[in-house]
Amino acid sequence: MGQILGLFAVLMTFFILLFILIGFVYLYLYIIKKDNLIKHLHLREKKKRKKRTFKDSMVSPLLRAAKYAEPTAKKYPFFANKEQDALFLTRAGNPLGLTLDQFYGMRFILGLGALFFSSIYSILGMPFALLVLLVFPIAGFLGPQLWLRMKAKERQESISVSMPDFLDTVSVTLQAGVSLDGALKQVTNQMDGPLSEEIERFNYEIDLGVTRKLAYQNLISRNSSKELEMLVNSLIQGSVLGVPVSQTFRIQADDLRAMRGFKAKEKAAKASPQITLVTTFFVAPAVFFLIIGLLLLNIIYNPGAFGLDSFF
């Protein structure tokens, strides 16, 4: 009887913690999306921090270890798709200066570290040792790939958001009589961000003698931003049809700015139902299980308080 009660208490605790964890994860993702939306709409300025960055304190040693693990990681690329990972690494702008081999080295180090930690955790006989032993090593290998996809998505969204301001600036520069290549170089020198980096790389390819059409194709293949693809297609069509480039940039900027407003309204409309679903299906059941579990444990261990002495 005591073993059954102990197992019941452990299961109830596990499910309660699981539902609470899932609920807080969704709430955290909602807060992150809200902050990104506010930042993209320029409703508040991002605060500058002079503290030591996380990269300097934690990531740099990890990168050095990943560099040493590159040869081994090449031989054992667990759960890896090299072509897809290379594409996401390019779209993410090679975060932390990672190459594909260094990225696999980082995965290898994190996977081994998670396996070592979970093994020690299991040897010490801690709760849910088998679950930790199964989940942590897999998370160590798959976590960096998830992080890479999130960085790629974030970078492409940043490109899409900065497109209208970039196009307006280029349009004004073109109307002043500057050529297209000169305007792009001048604007990229004045602006920062992923879009400026991509246009600067485009200019570099043109300077090296790459044809403009091939440079446009490379620009599209490196990025998944629909707004950037629309701009490149408009430039190609405008050059074929003889439409003034400054007019193309101005019209494209107005369209993208209107589209960004529609997307912001759509995200705001979807936020409230998502929070309601999370609260209904995760937070509320966790609280319910917590109350019921405590009530059952009180009935079992202290039946006299409920007048149930004759049943126990």
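Analyst: A cavity here is a set of grid points where a 1.4 Å probe fits but cannot get out. The model is a predicted one, and the largest cavity in this model has a volume of about 70 Å³.

User: How many cavities of 30 Å³ or more are there, and what is the volume of the second largest cavity?

Analyst: The count comes to two cavities of 30 Å³ or more. The second largest cavity holds about 40 Å³ of space, and the largest cavity about 70 Å³.

User: Which residues line the largest cavity, and what makes them lining residues?

Analyst: A lining residue has an atom within 4 Å of a point of the space. For the largest cavity these residues are Phe166, Leu184, Ile199, Phe202, Tyr216, Leu219, Leu228, Leu231, Val232, Leu235 and Phe249. Helix H8 (194-207), helix H9 (212-222) and helix H10 (226-241) are the elements that give two or more residues to this lining, and the largest share, four residues, comes from H10.

User: How do the residues of that lining divide by class?

Analyst: Leu, Ile, Val, Phe and Tyr are among the types that count as nonpolar, and the lining of the largest cavity divides into 11 nonpolar, no polar and no charged residues.

User: What is the class make-up of the lining of the second largest cavity?

Analyst: That lining consists of Ser162, Phe166, Met191, Asp192, Gly193, Leu195 and Ser196. Asp counts as charged, and Gly counts as polar, so the class count is three nonpolar, three polar and one charged residues. H6 and H8 each supply at least two residues of this lining.

User: Why is serine 196 called buried?

Analyst: Buried means under 20% relative accessible area, and because serine 196 has 6% relative accessibility, it counts as buried. Serine 196 has its place in helix H8 and, leaving aside its neighbours within four places in sequence, is in contact with Thr188 and Met191.

User: Which other residues of H8 are buried, and how does the span of H8 compare with the expected one?

Analyst: Besides Ser196, the buried residues of H8 are Pro194, Leu195, Glu198, Ile199, Phe202, Asn203, Glu205 and Ile206. With 14 residues, H8 reaches 20 Å from its first C-alpha to its last, which is close to the 20 Å expected at 1.5 Å a residue. H8 is followed by glycine 209, whose phi is positive, near 100°.

User: What makes a space a pocket and not a cavity, and how much space lies in the second largest pocket?

Analyst: A pocket is an open set of points, with protein on both sides within 12 Å along at least five of seven lines, whereas from a cavity the probe cannot get out. The second largest pocket has about 180 Å³ of space. Its lining is formed by Phe14, Leu17, Leu18, Leu21, Tyr121, Pro127, Phe128, Leu131 and Val132. By class, this lining has nine nonpolar, no polar and no charged residues. Helix H1 (2-40) and helix H6 (129-175) each supply at least two of the lining residues, and the largest share, four residues, comes from H1.

User: How many helices and strands does the protein have, and what percentage of its residues count as buried?

Analyst: The secondary structure comes to 11 helices and zero strands. Of the 312 residues, 29% count as buried, and the protein exposes about 20,200 Å², with carbon and sulfur atoms supplying 65% of it.

Methods. Residues are numbered from 1 along each chain as its sequence is written. This is a predicted model: local features need pLDDT of at least 70, side-chain atom pairs count only at pLDDT 80 or more; totals for chains, interfaces and linings use all residues. Side-chain values use heavy atoms; hydrogens and water are left out. On a 1 Å grid over the protein atoms alone, a cavity is a set of points where a 1.4 Å probe fits but cannot get out, and a pocket is an open set with protein on both sides within 12 Å along at least five of seven lines; lining residues have an atom within 4 Å of a point. Grid points are joined across faces, edges and corners, and a volume is the space filled by probe spheres set on the points. Buried means under 20% relative accessible area, exposed over 50%, partly exposed in between (1.4 Å probe, protein chains only). Accessible areas come from the Shrake-Rupley method with a 1.4 Å probe; for residues, only the protein chains shown count as cover. Contact means heavy atoms within 4.5 Å. The expected span of a helix is 1.5 Å times one less than its number of residues.
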